[in-house]
Amino acid sequence: MSESLDLRLALAETELENPVLPYLRQDRIPHIWCPGCGIGTSVNCFCRALTDSGLDLNKVAIVSGIGCTGRTAGYLNLDSFHTTHGRAIPFATGLKLGNPELNVVVYSGDGDLFAIGGNHFFHAARRNMDILVICVNNFTYGMTGGQVAPTTPVGPTQTTMPLGNFESPFNLPFIADACGATYVSRWTVYHVRQLAKAMKEALGKKGFRFIEVMSPCPTLYSRRNRLGDGVDQVKYYKESSVIKNGADTKDIGLGFQGEIVVGKFVDRERPTWLESMNDHFSHVLGDQFTPYGVKPEGE
Amino acid sequence: MTVEDTARKGKGTVFVRMEVCKGCSYCIDFCPTHALDFSKEFNQKGYHFPELNRPEDCTGCDLCGLFCPDFAIFGARWKDLDEKRQQAASQVKL
Amino acid sequence: MKADPKGVLSGVHFIDGDHAACEGALAAGCRFVAGYPITPSTEIVERFAARIPKVGGVFIQMEDELAASIAIQGGVWAGHKVMNVTSGPGLSLMMEHLGYAAMTETPCVWVDVQRGGPSTGLPTLPAQADMMQIKWGSHGDYEIIALSPNSPQECFDLMIKAFNLSEEYRCPVFLMMDEVVGHMTERVNIPPADQIEITDRKWTTKKPGEYKAYATTSEDLVPEMVKAGDGYRIHVTGLTHDERGYPAMDVPNQAKLIPRLLNKIRNNTEQLLDVRMDGCDDADVIVMSFGITSRVATAAIEAARAKGLKVGNLRLIICWPFPVKLIQQLAEKVKAFVVPELNMGQMVLEVRKAVEGKVKVISVPHPGGTVHEPETILEQIIEAAR
């Protein structure tokens, strides 16, 4: 009797594993990200969002570019693609159009998505390609040692802006909004619950969806600018963030250590690229056209 | 990972995989009830890891689990843990 | 397996090489193309865009060549057969993704309708000057296969062969057309679907859990494949990777992976031999050519034979891997090789390398923009036979 009780307790204990572990390639953990880096926190939120989304994980694919955040694909226990620098979005476009049944998520950094990959972002949003793009914005090129990024605010020092950055940065939600994204939000890694909720919401929506996640780079951006550790940056996010759902995206650009507007800014419906193609060809070609990637009813 | 259910002082508890912790202190600084502290010991990689020093304050809210960039900690409520155990036990009986 | 009749436009057609190439791709089972317009290749994707809605598939015009050349690879991992169509300047932009396809062993066909270069060069005029770029243009060591058609009929036939080889070897396979072949209109015979042999993807029969994405055996260096969405939870990376596909950036893994990527093709150079030979057995001089230049060379060879010279005609269908052994065997018997090509001397370097100075190798270069005059080649044949 007591033996079977022990057995039961042992069984129960084996179930007490971190709820995110099944979403990770556990044989690859610990990951390469520095102590205090926020990318892992965003991935943690993404795993919770996957749980809550109720999606069939065999039909979720993740695509990353190059850089620190680009390594995300390699840690998630999904069909995962670590592509070339800046090209995660076009790869994801091919994957989604190749198999429209897949829920395709692009998970990459600000340099990858908005410098070298900027053009692809604009066009995928314009076409309303049915993918979710999560951009972890740490305001720098982490993997290569802290160079100026298209998101670096005016002021802070970067290795290629040794006297402080004088270039104007992008306002990422504004770009996504202007290009036609159906869902746009910004959160920081301090806002873990809101971020996980936003990711879940975006996973369940159609069209080109965009989430900006502000995240500290303690090793390069913070250290070089005497901003303390990762946790100090997250404290700054906590203190300086204002939630303004529905804010006009043109007003929410980020300054150096200034106010951070977070929230959901855009949530609208537009036909996706594939829906538009199917509608158009059905209209023009009639019976000669069989809609692509649409399961016949009853299957 | 063991369940220290001998001393159920709070509503919940935390589980730490100290070997993957990188000592970022997110969990410690953002614990809503300030129940965690750094350990005095180091892990294999030379980092201090979190310890539940005020178990009576832990609500098992799992905010530490959400914050942790290294998947090294998570929290759970005793109520939920007991339910899980009961489920497991009933499965063994069957 | 046999071709899917939906994509096969059986019958006799009077079409140019670009259109024939598109029909070859459709017959081979290509149902996804992400393209970007560039002269003189654009007609291939234009025809694909017009044909695909009724065949069943997708065409998308991307924002640039970088996007096109990686979007097609996304299509492959979703389960499609794909084609990447471009010309010189576009090909230069696509070089990183050539390496990605080689490294990740993504089967795909790349069509280069060659024009004069470098840079913007001669957009509407022919060249054969990208032969070394496809072999060496992406960084690091890799191997590809390249085929060279000299007629619209061959654009159709060799396109199917290119698709089949890409599936067999899981590597990028090039169809090296040129502006003349692309825009030349001739009779093209498209056979019934049941007469077209198609190589299926090397799908694994293993279950998730037992399957390793890049596991191979010593006998078979080409790994089995799966696609996204089937529950295998694969990881694909351009980083040096282990058998599971996980990044493994160290000397032992590099030493295992890179030789395998090369040897899966190099070890099969004999099987990949595809040449046309005429009168080579008792020849004193052999003219080696490929693509459009082979048609001019044939005229020159006939003129030389009319003068009583013993001239062999060797045409490469598969240019890469280069048929080193064949050239070496021929070098034992002949006095000289003559190599006309629409570039300033590219494939001739391979001939020189193979013969190791044993016989004369005469380059007949041409900067491109038009084809050789047969007389230019004839002069060199006479010189070689002396």
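Trainee: Are C:R201 and C:E167 buried or exposed?

Mentor: In this predicted model, local features need pLDDT of at least 70 and side-chain atom pairs count only at pLDDT 80 or more, while totals for chains, interfaces and linings use all residues. Side-chain values use heavy atoms, with hydrogens and water left out. By the cut-offs of under 20% relative accessible area for buried, over 50% for exposed and partly exposed in between (1.4 Å probe, protein chains only), C:R201 and C:E167 are both buried.

Trainee: How many residues apart in sequence are the parts that C:R201 and C:E167 tie together?

Mentor: C:R201 lies in the loop between strand 9 (185-190) and strand 10 (235-237) of chain C, and C:E167 in helix 7 of chain C, so the pair ties together parts that are 34 residues apart in sequence. Helices (H or I, at least four residues) and strands (E, at least two) are DSSP runs, numbered from the N terminus. The separation asked for is therefore 34 residues.

Trainee: How far apart are the closest N and O atoms of C:R51 and C:E23?

Mentor: C:R51 is buried at a relative accessible area of 18%, and C:E23 is buried at 1%. The two form a salt bridge, defined as a side-chain nitrogen of Lys or Arg within 4 Å of a carboxyl oxygen of Asp or Glu, and their closest N and O atoms are apart by 2.8 Å.

Trainee: Which residues does A:N99 touch?

Mentor: A:N99 counts as buried because its relative accessibility is 14%. With contact meaning heavy atoms within 4.5 Å, and not counting residues up to four places away in sequence, A:N99 touches C:A78 and C:A228.

Methods:
Residues are numbered from 1 along each chain as its sequence is written. Chains are lettered from A and ligands numbered from 1 in the order in which they are written.
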